[in-house]
Amino acid sequence: MPTAPRLKWTRSLAWEGLRRAPRLLRELCLATLVANVAIVVTGGVVRLTASGLGCPTWPRCTDDSYITTTENGLHGYLEFGNRMLTFALGAVVVATLAVALIQRPRRRSLIALAAAQLLGIAGQAALGGVTVLTGLNPWTVAAHFLLSMVLIYGAFALWRRCGESDQPTRPVVPTALRWLLRAVTAATALALALGTIVTGSGPHSGDGDAPRTGLDPAVMSQIHADAVLLLIGLSIGAWCAAHAMAAPLPLRRALLVLVLVELAQGGIGLIQYLTDLPIALVCAHMLGACAVWVASVAVLFTARSRAGDAPRRHHGDVLVG
């Protein structure tokens, strides 16, 4: 059996290792990003299976129980399971915040971003409660989704900052291209917002008795499609401009990834519209919406750097450092 001094030394060594484990923190930040995306998809499954009111009240699942009961059937299990995933996401964020606080040197930027995630999850849970208590009002459902996009932005920023210094940012492309990239991000946000309005006017309400916006689904789908075409056009234009201006290779690659993800997402959206919105394709479209948003945010973050970051050297078109 280890002696007391040896146990104390082992614990001290483990604690010191935890305080200087940037890789662990980066992995937790990535887990936060993945979990935020996953909960959007599982929330979509709940809505698409008409399980949105499987737990008909909040914060309890039923008037008499915090957990689902057999009377609620499969819908109850799906809705309750999605609520539990919020706690799982919260646990990941708490772990991320704890490790950020323990790390030496302590980085206030990471602590602030992790704390913002925790506050956002609490706000998301409260908004989810309002959504249930209002019988899945389509506008609160839309707000629920858009808040998830804000959290995904914050989670990406948190993950990205783990690999950066805390020095001020500096642009790596000309001002005109920076404004074009901002326009791409704005167009992405517009397309996502219009997508929620299409959902609110369409058939997948989350429950048979849930209200709809009353807007014409065909008209809203056309407006959403126009916004998507605008986004794709801006993204292709930004990619061409980045090549013409000899922008850094990582930015050109990020733009190419964005265009490819947009094209794939647009294809899924068109097919689901022509096939009367099958559940599997709608679910894939929700995952694609998250992918487009992450790719768009990645472009913004790649268009700037910080003093002290690891240098990236290029030889021709090959990234070598």
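**Briefing: cores, aromatic pairs and cysteines of a predicted model**

At 16% relative accessibility, S165 counts as buried, where buried means under 20% relative accessible area, exposed means over 50%, and partly exposed lies in between (1.4 Å probe, protein chains only). The structure is a predicted model, in which local features need pLDDT of at least 70 and side-chain atom pairs count only at pLDDT 80 or more, while totals for chains, interfaces and linings use all residues. Residues are numbered from 1 along each chain as its sequence is written, and side-chain values use heavy atoms, with hydrogens and water left out.

**The loop at S165**

- S165 is located in the loop between α5 and β1 (169–171); helices (H or I, at least four residues) and strands (E, at least two) are DSSP runs, numbered from the N terminus.
- The S165 side chain reaches the backbone nitrogen of Q167 at 3.3 Å.

**Aromatic rings**

- Four aromatic pairs are found in a search of the whole structure; rings of Phe, Tyr and Trp (its six-membered ring) pair if their centres lie within 6.5 Å, and planes under 30 degrees apart count as stacked, over 60 as edge-to-face and the rest as tilted.
- One of these pairs is formed by Y153 and W293, which is tilted, with 6.4 Å centre to centre and 40° between the planes.
- Y153 belongs to helix α5 (residues 138–162) and W293 to helix α9 (residues 279–302), so this pair ties together parts that are 140 residues apart in sequence.
- Y153 is partly exposed at 34% relative accessibility, whereas W293 is buried at 9%.
- Ring pairs join Y153, F156, W159, W293 and F301 into a cluster.
- R182 lies over the face of W179, at 4.5 Å from the ring centre; a charge sits over a ring if NZ of Lys or CZ of Arg is within 6 Å of the ring centre and within 35 degrees of the ring normal.

**Nonpolar cores**

- The largest nonpolar core has 18 residues, of which V173, L177, L181, A247, L251, L255 and V299 touch the most other members; such a core is a set of buried Ala, Val, Leu, Ile, Met, Phe, Trp, Tyr and Cys residues joined through side-chain atoms within 4.5 Å.
- At least two residues of this core come from each of α6 (175–201), α7 (217–244), α8 (249–274) and α9.
- A second, separate core of 17 residues includes A157, L192, C290 and A298.
- V299 is placed in helix α9 and is buried at 2% relative accessibility.
- Leaving aside neighbours within four places in sequence, V299 is in contact (heavy atoms within 4.5 Å) with L181, L251, A254, L255 and L258.
- The C-alpha atoms of V299 and L258 are separated by 7.8 Å, although these residues are 41 residues apart along the chain.
- With neighbours within four places in sequence again left aside, the contacts of L255 are L181, S235, A238, W239, A242 and V299.

**Cysteines**

- One disulfide is found in a search of the whole structure, a disulfide being a pair of cysteine sulfur atoms within 2.5 Å.
- C55 and C61 are joined by a disulfide, with an S to S distance of 2.0 Å, and both residues are buried.
- The torsion about the S-S bond of C55 and C61 is about -75°, so the disulfide is left-handed.
- The sulfur of C29 has its closest cysteine sulfur in C162, at 3.2 Å, which is too far for a bond.
- C29 is buried at 0% relative accessibility, while C240 is partly exposed at 41%.

Technical notes. A polar contact is a pair of N or O atoms within 3.5 Å; within protein, one must be able to donate a hydrogen and the other to accept it, and residues adjacent in sequence count only if both atoms are side-chain atoms.
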